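Hello,

Here is the structure for you to look over. My notes follow below it.

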Amino acid sequence: MASTMNASFGLEKVCIDASHANLPDISISLISPHGSEISLTTNNGTFGDSYTNTCFTGLDTDPLISSGSGTFNGNYQSEEQLGIFNLG
């Protein structure tokens, strides 16, 4: 098993639960210990929406988070590819 994250081994999915009175105010990112940052979601949704069992994946078969509406539930592609995070 690989001991460090790289293009072949690393983060495949990130799941969250979050709510806010005005979801478009929310930006969610990951920052690696080395300082790499990727955006999972920025300014998506509407008033009263939430992220419930929402998972961000690197799979092209999942819909883009930016194309979703209402309460986000299930798998979505993050705004930036998770693979970028694996490279450091």
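Which backbone oxygen does the side chain of Gln77 reach at 2.6 Å? That oxygen belongs to Asp62. The side chain of Gln77 also reaches the backbone oxygen of Asp60, at 3.2 Å.

Before the rest, two notes on the source. This is a predicted model, in which local features need pLDDT of at least 70 and side-chain atom pairs count only at pLDDT 80 or more, while totals for chains, interfaces and linings use all residues. Residues are numbered from 1 along each chain as its sequence is written, and side-chain values use heavy atoms, with hydrogens and water left out.

The protein chain has 1 helix and 5 strands (DSSP runs, H or I of at least four residues for helices and E of at least two for strands, numbered from the N terminus). Along the sequence the pattern is β-β-β-β-β-α. Of its 88 residues, 31% are buried (under 20% relative accessible area; exposed is over 50%, partly exposed in between, with a 1.4 Å probe and protein chains only).

Gln77 lies in strand E5, residues 72-77. Gln77 counts as buried because its relative accessibility is 9%. Beyond its neighbours within four places in sequence, Gln77 is in contact (heavy atoms within 4.5 Å) with several residues, including Phe56, Thr57 and Pro63.

Glu12 is found in the segment before strand E1 (13-19). With a relative accessible area of 67%, Glu12 is exposed. Its C-alpha atom is separated by 6.0 Å from that of Thr57, 45 residues apart along the chain. Leaving aside neighbours within four places in sequence, Glu12 is in contact with Phe56, Thr57, Gly58 and Leu82.

Regards

Methods: Polar contact = N/O pair within 3.5 Å; in protein donor to acceptor, adjacent residues only side chain to side chain.
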